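Here is a guided walk through one structure. Take a look at the sequence and the fold before reading on.

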Amino acid sequence: MPGFELIDNKELKAINSIFKNGGVLFAHGFEGIRKNFHVREFENKTSTFFKCKYALAVTSGTAAIKIALKALNVKSGDEVITQAFNFIATIEAIIDIGAKPVLVNVDKTLNMDIEDLKKKITKKTKVVLPVHMLGYPCDMKNIKKICKKKNLKILEDNCESIGGKYENKFLGNIGDIGILSLDFGKTITTGEGGMILTNNAKFYNYCKQYHDHGHKNVKNLSRGNDKVSMPGFNYRMTELQGAIGKVQLKKLNSLLKDNQKKFMAIKNNIKRFEHRWMTKNGKSNFDNFIFYVKNKDQKKQVLKILKKYKIGTKNLPDAIKWHCAFYWSHIFYKKDLKKIHKTKKILDNAIAIPIFFKKSLSFYQKLSFEINKIV
């Protein structure tokens, strides 16, 4: 965490190569004055890395969710179940296509509470949208089991856990469609950007056409003479983003290893507090370390130490109002918000220590040792 810390001359060289090879910033056409399609290469390398058949680069993680919901045939009046701890973009995408977001509480994993999920399924439910929050995977085995029984599709929101795994499979490559965010605060970044992952050719072809005004991209036909089978929209990634994405992807494995060392240093030192629970057979991307305090006084002391070390927190608690649906009275009715008070209560006691690439291992050892001394 995060990819912007890794930006160096390699990204600069990637950008310069675009201008050396024609200066085409658009990911379609203009073959006569270019040597590479950087976005297409980024997609191919992404599908290889995450071991899925198809990857499609788009303008943002939010756009990726909306496009994926369209591909899963979610329509006005349908219900999409997601969790109360996420980023507001997940809900916004559901609303933007006219569907109804239905909230499920989280448990001590800070991900979807399976028992609450079972209660929220109705005849109008079309898709279950688990969100792998802050590095940790959802319980995909039970989510898949429930969805198979109820004939529901699964859309994985993996904006915040890139590189994490469940049963040794990369998150985002477990459900029917998975999405990644590549914004400036994410594990790898293209500034803004998103990626759609799927192993289903039908879903991929829909997403590919919809994100490009409905273009079918028929071989041997120019863009101007291309065929169309649906009304689409413009969610295309630029070549500048694609070139940077290729470089960032190469750095992901080393970043994950560095994250893990620092994560374990914190875990081994902070023993007096309850740690965030890990889903069975899950593996974090070690982007941050989350633990639970018992009261407001302990929370105040921890935040004071973090301020002393000039590190802050990651979403918990600094940006909780953008990541907990309990605060979204502009979207949900009060009666719906009351049902997710359990989520708010859990999050109120959670603190997330961000793990930075440019902070040393000894920094985290000293920080966590001092936190552990709090009474």
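Helices (H or I, at least four residues) and strands (E, at least two) are DSSP runs, numbered from the N terminus. This is a predicted model, in which local features need pLDDT of at least 70 and side-chain atom pairs count only at pLDDT 80 or more, while totals for chains, interfaces and linings use all residues. Residues are numbered from 1 along each chain as its sequence is written, and side-chain values use heavy atoms, with hydrogens and water left out.

Start with helix α5, residues 114-120. Glu115 and Lys118 both lie in this helix, 3 residues apart, about one turn. Their side chains meet in a salt bridge (3.3 Å, N to O). A salt bridge is a side-chain nitrogen of Lys or Arg within 4 Å of a carboxyl oxygen of Asp or Glu. By this rule the count comes to 19 salt bridges. Burial needs cut-offs too: buried means under 20% relative accessible area, exposed over 50%, and partly exposed in between (1.4 Å probe, protein chains only). Glu115 is partly exposed at 47%, and Lys118 is partly exposed at 45%.

Helix α5 also holds Lys120 and Asp116, 4 residues apart, about one helical turn. They form a salt bridge (3.4 Å, N to O). Both residues are buried.

Move on to helix α11, residues 341-348. Lys344 and Asp348 lie in this helix, 4 residues apart. Their salt bridge spans 2.8 Å, N to O. Lys344 counts as buried, at 17% relative accessibility. Asp348 is partly exposed, at 27%. Elsewhere, salt bridges that share partners join Asp8, Glu11 and Lys251 into one network.

Now turn to the interior. In soluble globular proteins, nonpolar side chains tend to be buried together. A nonpolar core is a set of buried Ala, Val, Leu, Ile, Met, Phe, Trp, Tyr and Cys residues joined through side-chain atoms within 4.5 Å. The largest has 44 residues, of which Leu69, Leu155, Ile196 and Leu316 touch the most other members. Helix α3 (residues 61-71) gives the most to this core, with 7 residues. A second, separate core of 23 residues includes Phe263 and Ile371.

Helix α4 (residues 88-96) has buried residues, among them Ile88, Ile91 and Ile94. The buried residues of α4 pack against α3, β2 (79-83), β3 (100-104), β4 (125-129) and β5 (153-157), where contact means heavy atoms within 4.5 Å. Just after α4, Gly98 takes a positive phi of about 90°.
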